[in-house]
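Open the model in your viewer and keep the sequence panel beside it.

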Amino acid sequence: MSDEAPPCTLTLADGTHYDLSALSNAKNDYSVKVGDLEYDLNVCRDVVHELWNIGELESVGAVVTHSKGDFSLGATNSTLVASPGTSEPMLVYSGGSQCADSESTASTVIRFICSESEFDSGSPQLIAALPVTSNSEDQCQFFFEWKTHVACPANPKQLEGHWTAIGLLFVFLMIGAFTTFAGITTYNRFVLGLKGWDQLPRPSLPHFHWSGLRGLFRRDTQSGPGWGPWNRSGGYGHVRAEDNDEEEGFAGRFSLADDDDDEDARALAGDPAVWRNASPAQQGHATSNGGGRGSGGLVNL
């Protein structure tokens with residue numbers, strides 16, 4: 001902690017900063033009632049309680065009233081220290097009234113606990129008064145705990161770091177959203193072939209675009225790759241032309257002839273090559289069996 005730290009503040013080595021100056025009350029003390037006794041104390045300043053028979057003490061940070069007069073629990077102090085183990089802010093008042101044993105003076109320790117549920121200043125609670133005795137006037141060391149939101153760290157650097165992390169997370173989310181939007185739009189445009197508003201992503205299943213599901217159950221007249229067994233865009237286009245003879249083509253694959261050597265069937269099918277190579281007797285035989293195309297028969301081309 002720096003020697004030049006403002007009163008009622010504490011800055012730890014890791015930068016955690018506490019400021020309890022808001023608890024310093026110039027109008028009223030904080031009261032703790034335990035049985036018939038009432039303890040009055042303030043934070044980083046003298047109590048405003050009207051003192052009675054306090055002796056020559058000039059500074060009183062906490063006080064309790066005994067039968068013989070007010071008993072100072074310690075002189076005012078505005079320097080916070082870190083609580084051992086928890087590093088929470090702690091205020092120590094020492095040099096109070098003379099203890100019953102006349103060998104020491106009264107002292108008080110106030111440990112502040114961060115509690116965000118305490119929206120107001122909260123209130124101190126007496127945890128222990130030593131020594132443990134039935135006579136309260138013999139007690140000389142006092143320990144208080146104070147839960148308040150004011151005791152929560154108020155470090156601008158830490159808060160700035162938190163906002164920086166939130167800002168970076170927001171930027172990453174925006175980049176991810178833009179990348180997803182651009183990727184789906186590109187897919188809809190160049191793969192599905194969509195145009196205009198239809199290429200923009202819309203939430204649907206099972207495809208990126210709502211029209212993709214509808215396309216599974218309708219005949220798609222667009223060219224390009226289809227979707228599995230529902231593709232009808234190519235008709236019989238999946239039959240490759242190279243699987244057939246160049247002269248026969250697709251018709252040769254589905255010819256009426258069961259055998260290429262059956263010339264009569266090919267003649268009936270109108271194959272001109274058969275007529276050119278056949279003899280006149282064969283031409284007449286085919287004409288008489290097939291009914292002919294006319295009384296004059298066919299002319300040899």
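## Stop 1

Buried means under 20% relative accessible area, exposed means over 50%, and partly exposed lies in between, using a 1.4 Å probe and protein chains only. You are looking at a predicted model, in which local features need pLDDT of at least 70 and side-chain atom pairs count only at pLDDT 80 or more, while totals for chains, interfaces and linings use all residues. Residues are numbered from 1 along each chain as its sequence is written, and side-chain values use heavy atoms, with hydrogens and water left out.

The side chains of Glu88 and Arg111 meet in a salt bridge (2.7 Å, N to O). This pair links distant parts of the chain: Glu88 is in the loop between S7 and S8, Arg111 is in strand S9 (residues 107-114), and they are 23 residues apart. A salt bridge here is a side-chain nitrogen of Lys or Arg within 4 Å of a carboxyl oxygen of Asp or Glu. Helices (H or I, at least four residues) and strands (E, at least two) are DSSP runs, numbered from the N terminus.

Which residue forms a salt bridge with Arg111 at 2.5 Å? Select Glu145: its side chain meets that of Arg111 at 2.5 Å, N to O. Arg111 in strand S9 and Glu145 in strand S11 (residues 141-148) are 34 residues apart, so to speak distant parts of the chain that the pair links. Glu145 is partly exposed, with a relative accessible area of 25%. Shared partners join Glu88, Arg111 and Glu145 into one network of salt bridges. A search of the whole structure finds 2 salt bridges.

## Stop 2: Ser83

Stay in the loop and select Ser83, which is found between strand S7 (80-82) and strand S8 (89-93). Ser83 counts as buried, at 6% relative accessibility. Its side chain makes a polar contact with the side chain of Thr86 (3.4 Å). A polar contact is a pair of N or O atoms within 3.5 Å; within protein, one must be able to donate a hydrogen and the other to accept it, and residues adjacent in sequence count only if both atoms are side-chain atoms. Show the surroundings next. Leaving aside neighbours within four places in sequence, Ser83 is in contact with Glu88, Met90 and Arg111. Contact means heavy atoms within 4.5 Å.

## Stop 3: the five-stranded sheet

Switch to cartoon view. An open sheet of 5 strands has the order S7-S8-S9-S11-S10, with mixed pairing. S7 and strand S10 (124-130) stand at the edges with a single partner strand each, so one side of each is left without a neighbour in the sheet. Two strands pair if DSSP finds at least two bridges between them. Select S9 and S11: they pair in the parallel sense over 8 bridges. Ile110 stands opposite Phe144 in S11.

## Stop 4

Select Pro124, which lies in strand S10. Pro124 counts as buried, at 3% relative accessibility. The C-alpha atoms of Pro124 and Glu145 are separated by 5.6 Å, although the two are 21 residues apart along the chain. Beyond four places in sequence, the contacts of Pro124 include Tyr30, Val32 and Leu41.

Move to Thr148 in strand S11. At 0% relative accessibility, Thr148 counts as buried. Its side chain reaches the backbone oxygen of Ser121 at 3.0 Å. Among the residues that Thr148 touches, not counting those up to four places away in sequence, are Leu23, Ile113 and Cys114.

## Stop 5: strand S5

Select residues 62-66, strand S5. How many of the 5 residues of S5 are buried? The count is 4, so S5 is largely enclosed by the rest of the structure. Strand S4 (residues 37-41) pairs with S5 in the antiparallel sense over 3 bridges. Tyr39 has Val64 in S5 as its bridge partner. S5 also runs antiparallel to strand S6 (residues 69-74), joined by 5 bridges. S5 and S6 form a hairpin with 2 residues between them. His66 has Gly69 in S6 as its bridge partner.

## Last stop: the whole chain

Zoom out. The protein chain has 6 helices and 11 strands. Of its 301 residues, 27% count as buried.
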